[in-house]
Amino acid sequence: MWFPVLSACLRGRAVGKSGFVVVSLCPKHREANVSHFSHSAGRCSQTCQALIYRKHGDPSRVVELEDAPVPQTGAKEVLVKLLASPINPSDVNMIQGTYAILPDLPAVCGNEGVAQVIEVGSQVKSLKAGDWVIPRDAGLGTWRTEAVLAEDDVFSVPNSIPLLSAATLGVNPCTAFRMLSDFEDLRPGDSVIQNAANSGVGQAVIQIAAARGINTINIIRDRPDFTQLSDRLKAIGASHVIREESLRRPEMKELFKTCSKPKLALNGVGGKSATELLRHLQVGGSMVTYGGMSKQPVTVPVSALIFKDVKVCGFWVTQWKRDHSHDERVFRGMLDELCSLIQQGKLTAPACEEVRLRDYKKALDAALQPFTSSKQVLIM
């Protein structure tokens, strides 16, 4: 389970049965807590298929494939056909009821994906039929075949990029892009160290960093297919791939004879793994936490704070998008740069397994398995 560092204004904190903090957002963020069966209830002319949950719990038990209403397209809305949508840890956490933002129930699952515009409202100016679009924010409910969405709820992307790249563009590559851009002034030849290097974020970090001439030191847990996974990460641009156990061994000194000490550490695991990343940061460096797969807290040695002056902070791409919701140039510029990397062959989708919507139970089961190397993507 991943749980991001939450920087939004919160109220009503309560600890759930799982021991995690359950939060509700302040009124200014209330728009996230809506059920996105439609934007125009009461004007339904047809239905679509959608994966819906009516209570929180084990995804394999509470998610059902149902018919859902599709309203008529309003003046400032677009009718879209969903093409593909991945299963991310945040999707699972939302269904379980442990994520930082939760939609009202019943809700359509899914926060990310790519759709094709089928019809546009009379006052829509930025989109036309045939365009590909991705959600601007979480909570739109992308595990369905069709939807009517507000023009302002989506961003267009080139329909010339691969389908899986478009479907997985809005979360992991954006997270990687911002963490590589916003916390340290990284130049060609600098180094970044990260755990969870085989995750979707980790693979995007490797490729974006390689395109910028930045070295990556990539930490993964030992496993039977370690060599194959290491070779695959190196093939997409990883400078070094290291077993997690090696972080505490003398061979790290040998590595830093040929590779600069990292300015930036990216932590998607927490626990001892995060503490070991801090050990190898250069003086004044930053560790950014974006996930906590180990479910263990981050422990920061006093010596790292006093003698190395490291900075420890968190990042949540959903909050970044909301903070920049009125600055379209920044968001558009990031997407354009990422799409350019995709078109140049420098940024590919993570290893994916395509699953038909009707086989969603198989996809959910696979997404919950440990040591998962492939992202499950629902094809509509």
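1. In strand S14 (residues 264-267), Leu264 and Leu266 point one way while Ala265 and Asn267 point the other way, and all are buried, where buried means under 20% relative accessible area with a 1.4 Å probe and protein chains only. Strands here are DSSP runs of E with at least two residues, and helices are runs of H or I with at least four, both numbered from the N terminus. The model is predicted, and local features need pLDDT of at least 70, side-chain atom pairs count only at pLDDT 80 or more, and totals for chains, interfaces and linings use all residues. Residues are numbered from 1 along each chain as its sequence is written, and side-chain values use heavy atoms, with hydrogens and water left out.

2. Strand S14 is joined to strand S11 (residues 191-194) by three bridges, and the two run parallel; strands count as paired if DSSP finds at least two bridges between them. Within this pairing, glutamine 194 has leucine 266 of S14 as its bridge partner. Four bridges join S14 to strand S15 (residues 286-289), again in parallel, and here asparagine 267 is partnered by threonine 289 of S15.

3. Together with helix H8 (residues 271-280), S14 and S15 make a right-handed β-α-β unit; right-handed means that, with the strands pointing away from the viewer, the path from the first strand over the helix to the second runs clockwise.

4. Helix H4 (residues 172-182) has nine of its 11 residues buried, so it is largely enclosed by the rest of the structure. Among these buried residues are Pro173, Phe177, Arg178 and Leu180. Leucine 180 touches Leu186, Val192, Val205, Ile208, Ala209, Arg212 and Leu264, leaving aside residues up to four places away in sequence, with contact meaning heavy atoms within 4.5 Å.

5. The largest nonpolar core has 45 residues, and those with the most contacts inside it include Leu180, Leu266 and Leu338; such a core is a set of buried Ala, Val, Leu, Ile, Met, Phe, Trp, Tyr and Cys residues joined through side-chain atoms within 4.5 Å. Helix H11 (residues 328-343) supplies the largest share of this core, seven residues. Apart from this core lies another, of 36 residues, among them Val62, Leu82, Val355 and Met380.

6. Threonine 216 lies in strand S12 (residues 215-220) and is buried, with a relative accessible area of 1%. Among the residues that threonine 216 touches, not counting those up to four places away in sequence, are Val192, Val205, Ala209 and His240.

Conventions. Buried < 20%, exposed > 50% of the residue type's maximum accessible area, 1.4 Å probe, protein only.
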